[in-house]
Each structure stands twice: as structure tokens, then as C-alpha cells.
Amino acid sequence: METVNQLLDSIKGVGRDAVRGGYSRAVYSTPELDLRQWFIEQAQQRGLDVETDRNGIIWAWWGKPQDGALVTGSHLDSVPGGGAFDGPLGVASALAAVDILKARGVQPPRPLAITVFPEEEGSRFGVACLGSRLLTGAIGVEKALNLRDADGNTFADVARSNGLDPRHVGPDPEALARIGDFVELHVEQGKGLGNGGPAIAVGSSILGHGRWKLSVNGQGNHAGTTLMADRADPMVAAAQIVLAVRDTAAKQPDARATVGRLTPVPGGTNVIASRVDLWLDARHPDDAVTAQLIEAIYRSAKEAAAAEGCTVTLTEESYSDTVYFDAGLSRRIGALLPDAPVLATGAGHDAGVLAGSVPSAMLFVRNPSGISHSPEEYVADEDAATGAVALADVLEGLL
Ligand code: HGY
Ligand code: MN
Ligand code: MN
């Protein structure tokens, strides 16, 4: 069987983005579907029984599916122009860990399953961890089904065209009961493990984070015939808002706020936009501080819009409180990996969504630069191999 690095190597050509660099593997896009098929084949080659549940989550079972199983997994979808490891490292490490356990002659006393969650990044439908939120009921079914991608396709339609029945999408207590403990291995998206020392850390918490959409409305017009004094240009207001986001967050220790996506409508070079949509990603350990941040940003946005003769609306699209992983499970994992430091993360994960329903924990694998959501995301082969062994040790110890 392939090692974790060979497994990652076997998918390195899937979903390469020639324009952005890195990988663009949006949920239910061809690259992501190809990766799903790759995972199913790899799991079946290992004798695992594979099923896809009514929310599109793939489960690969070693042993008969039953309540209280030990489950590990991650995601295969990516951000636009993302790195090679965010998601796939956890899935490939889980496959490699099963190989290691089989080679050790382990006979699981309880079933072990590998899961692949759809739409962890929220890159297509705008809500991160959509699959695990549906599973746990952390998102309303109607809201989920009506989410739209950039082309206006609803999640319901896309789910339907990928074999799901929208009438059955939603909370799945039977599937959730099968998760006795959940452990997700993930590339570290920070510099906590640096360049030396242990390559693996145990997760402690996930920063509270949310997404908001701001829409600035102005007067669309001709770029050449409209004098500067006669404009209500939402792009100018949007530019002020982006600066206000940065300035507001910079004043708040530990806050992070980002506008990574901005869409002018109609988006012509010789056209003054009529509307500009921009999306805010804001995060802070204290949910009350995040709320104050958003209020301050919205105040500045309204001032910026008014100064340009425009208006602005703000809509919350998703929010997750700060999450602390299960203390008992993390302690047990710490005992199995005595050299592993404990790290908090600023990145969201399905393990964070599941933590509200089942004992959940994370392992992080060194990423020397800490850069992620970028083609420069990196894990050295030896660290990836160390991660797979660490995951195998943890799974064996928890079985
Ligand atoms: O956005 C996040 O924190 C995660 O990568 N989905
Ligand atoms: Mn991820
Ligand atoms: Mn990510």
C-alpha cells in the first residue's frame, strides 16, 4: 500500500489552477468529485466498506457500522488556489494509518471509520463546514438548500445532481450516534511547530469565526461621460470599507478580519459599478469582541457609503463560537503523544463543528512557514510520514 506521501503524490495533478496557482477543488466540481472517487477506491482497496450518507459525507468502515465507533477524517474540497495539504493530508493520513494498523495486526475492538466531509471550505456555497453542520443540525435545512454558488446554482440542485435527495438533507442523529470519538489530522495553518522540534501538535481550541456579506449600492454609469462630481461609485466606498476592516481589526489584539472576496456588478472596465458585494471574514477568541468588531465595521461602512452617495447592507452568512476540544479525549491523545505540544488554531474545521455534539480532537502536522490557503502551503515528507504514524498510534490507543 502507498505511504501518505505516495497517496498525496497520486492526487497532486487533480484540480490544479493554472490562473491562481495551487488547487481549486470546489465541492462537487470535477476535481473534487475525482478526489472523492480516488478516496473511495483507496478505501475499498483496503477492504473498507464505503457509503455516502444523505448529506454527501463519505464513510469508509473498518468493521460493521455501529454506534460509538472511532472516526477520523477531514475534507477534500479546497479554497480557490489552495494548497495541496489542507484537507487531503488528513484523509491520506487516515488511509495510511489504517495500513499501519493492519500491518501491526491490530484487530479493532470497535469499528473504525474514515470520513470525508463536503464543503469544509465553504468556497462554493459560502458556509464553511456545510457537511458537518448539516449532519449536526448546526445549519437550518432550508437555509442550506437555498445557498447559491457564484453561478446561481442552489445547493439543493447541485446536491440533487450529485445523487443526494434534498428532501433527506439535514440533521442525521443516527449517523452522528456512530461517532464515539472523532480525531482530525490537519496541516498546521500557523507557525506553532516552527522549523525544529516535534512535528505534531495536539489541538486545544478553534478561534470563533464568522462570515458577513456587505453590499454597497450606488449608481451604475458610464466611466467616460460621468464627471467625478456626479458619481455615486460603490467601488470607492468599498475601498474605504476594506481599509476600515483592516484598521478596526488592527486596533483589537488577537482580532483577525479579512476581505478576500469582492465582486463589482456589472464589473466592466469602462463601467462605474452599480453595486459592489464584499465578504468579511472576522475572528476573535471572544465572541462578544467579534460582535463589537462587526458593529464598528458596519458603522464605518455606512459612513463610507454615505460619503459617496451610496448605501450599504450587512448580512451575517455564518458564525461559529470559539470551540474547545474535548478535554478528556485530548488528554488521552496527549498521553499517546507525550512529546506533542498543544496548539490553538485560528482555522475552522469539521472537528470544530462536531465538537458541539461528540468528543472531538485534532492533530496538527508541521507547516514550516505556516502559510496556508495558498499554493505555498507545505509539509515535508518526513513530517507527513510522522503524522501518519502519530495518527495510527492515537487510533490504536483510542480503539
Ligand atoms: O476558513 C477556515 O478557517 C477553514 O480553512 N475552513
Ligand atoms: Mn481544512
Ligand atoms: Mn482551509
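How much area do domain 1 and domain 2 bury between them? About 1,000 Å², with 38% of it on carbon and sulfur atoms; buried area here is the accessible area (1.4 Å probe) that two parts lose on being put together, summed over both. On the domain 1 side, Arg-133, Leu-207 and Thr-322 lose the most area to domain 2, together 51% of what that side buries.

A word on ground rules: this is a predicted model, where local features need pLDDT of at least 70, side-chain atom pairs count only at pLDDT 80 or more, and totals for chains, interfaces and linings use all residues. Residues are numbered from 1 along each chain as its sequence is written, chains are lettered from A and ligands numbered from 1 in the order in which they are written, and side-chain values use heavy atoms, with hydrogens and water left out.

At the interface, 13 residues of domain 1 are in contact (heavy atoms within 4.5 Å) with twelve of domain 2.

Now for ligand 1. Around it you'll find Glu-120, Glu-121, Arg-283, Ala-347, Gly-348 and His-373, each with a heavy atom within 4 Å of it. A ligand nitrogen is 3.1 Å from a side-chain N or O atom of Glu-120, and a ligand nitrogen is 3.0 Å from one of Glu-121. His-373 puts a polar side-chain atom 3.0 Å from a ligand oxygen.

Terms used
Polar contact = N/O pair within 3.5 Å; in protein donor to acceptor, adjacent residues only side chain to side chain.
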